[in-house]
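Subject: Handing over the structure

Hi there,

Here is the structure I promised to pass on to you. Have a look at it first, and then read on for my notes on what turned up in it.

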Amino acid sequence: MERVSNVTRADAAAAVRNPLAFVAARWTPAPRTVQRAALSALVMSVVIVVTGGAVRLTGSGLGCPTWPKCTDDSLTATSEMGVHGYIEFGNRLLTYVLCAAVGWAIIAARSRKPYRRGLTRLGWAQFWIVMGNAVLGGIVVLVGLNPYTVAAHFLLSSALIAVATVMWQRTREGDAAPRPLVGKAVQQLVWCLVAASVLLIAAGTVVTGAGPHAGDSSEVARMPLDWETVSKLHAVLAWIVVTLTFALWFVLKAVDAPRGPLGRTRELFVILLLQGAVGYVQYFTELPEMLVGAHMFGSCVMWIWVLRVLLSLRERPEDTPAALPAREPDSAGVPVAGPR
């Protein structure tokens, strides 16, 4: 077993000054470890959305009536608050688990050799989105579950999922210039699919804001819109996304595209059909909570696969040493040329 050197006073000072650089200088994770760290952050970003939906669907949105404490006198939920307080406080605690997963992804990316600045920045982007969404979640409570703040809370969570998905994909690629696998017309079609998916998700938040699940048993303001009308608009956008996906699959087959884009598109089409089935069943059965929760989970999975389709349109192999020397940051975080 290799002997671990003693930590000197200078090492301790360096660890305090720049702990990430200190860890990176003494640990090199395997590529699979970096991938798993990025995947764990992505999984937790979906879990926090689903548990947040459970808070709303169980009427526990104001189980902790204030923020950052649970009550004016207690940081945590108390027995007097009942099950709703524990559900809401439990969801708040999961934010720390999400932070831990994102932190693990940042540390793994920062310690990877050779150092990849872009990968680490994607990890930090997730961290700041989580922090911003935590503050926004507190505002949601303080304003009594205002539907517009609830919608913004979900949209920011979707942005977190997007960044986490990109980071997970980038851990399995190199830093060479991306090489397109399909033509310009196909790329434009996929961007139309992405735009339609964003509109679909945004419309879903409006359906939620105008619908019956306000998030608490008390009187909570709703968006002043006809729920039937916005639900039909949401369904129209869903069919547009399905149509674009089917058209993309047909075009990819016609141009004999690589297996990657074709496979991701086929998977997305199946996910959309399942998501649509859940959506119609919940609509005609007066929105049972379990189906609404399943639909929220499906929305996250759909968004991930839309992004996977987009990212599958190009490949980024590893840089060759001749093309780009390995670069390693020094203790101050400044990249320096590695050994040639």
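In this predicted model, the axes of helices α4 and α5 come within 8 Å and cross at roughly 165 degrees. Axes here are lines fitted to C-alpha atoms, for helices over the stretch in contact, and angles run from 0 to 180 degrees between N-to-C directions. Helices (H or I, at least four residues) and strands (E, at least two) are DSSP runs, numbered from the N terminus. α4 and α5 are therefore roughly antiparallel to each other; angles under 35 degrees count as roughly parallel, over 145 as roughly antiparallel, 65 to 115 as roughly perpendicular and the rest as oblique. Their crossing is left-handed, a term used if the near helix is turned anticlockwise from the far one by less than a right angle, with right-handed for clockwise.

On the α4 side, the contact (heavy atoms within 4.5 Å) includes Glu 88, Arg 92, Leu 98 and Ile 106. Among the α5 residues taking part are Trp 124, Phe 127, Val 130 and Met 131. By class, the contact of α4 with α5 has 12 nonpolar, four polar and three charged residues. Ala, Val, Leu, Ile, Met, Phe, Trp, Tyr, Cys and Pro count as nonpolar, Asp, Glu, Lys and Arg as charged, and the others, Gly among them, as polar.

Next, α3 and α6. They pack at an angle of about 165 degrees, with their axes 9 Å apart, and are therefore roughly antiparallel to each other. The crossing of α3 and α6 is left-handed. Leu 39, Leu 42 and Val 46 of α3 are among the residues that make the contact, as are Phe 154, Leu 160 and Trp 168 of α6. The contact of α3 with α6 has 11 nonpolar, four polar and no charged residues.

A further pair is α7 (residues 184-210) and α8 (residues 227-254), whose axes come within 9 Å and cross at roughly 160 degrees. That makes α7 roughly antiparallel to α8. The crossing of α7 and α8 is left-handed, and the residues of their contact divide into 23 nonpolar, five polar and no charged.

Now for the loops. A disulfide (a pair of cysteine sulfur atoms within 2.5 Å) joins Cys 64 to Cys 70, with S to S at 1.9 Å. The torsion about this S-S bond is about -75 degrees, so the disulfide is left-handed. A search of the whole structure finds one disulfide.

Lys 113 and Pro 114 are also joined by a cis peptide bond, with omega about -5 degrees; Pro 114 is in the loop between α4 and α5 (117-142). In the loop between α5 and α6 lies Leu 145, a residue other than glycine with a positive phi, near 65 degrees.

Finally, confidence. The protein averages a pLDDT (the predictor's confidence in each residue, from 0 to 100) of 88, and 89% of the residues score at least 70. Over residues 321-340 pLDDT stays under 50. Where pLDDT is low, the predicted coordinates should not be read in detail.

Residues are numbered from 1 along each chain as its sequence is written, and side-chain values use heavy atoms, with hydrogens and water left out. As this is a predicted model, local features need pLDDT of at least 70 and side-chain atom pairs count only at pLDDT 80 or more, while totals for chains, interfaces and linings use all residues.

Best wishes
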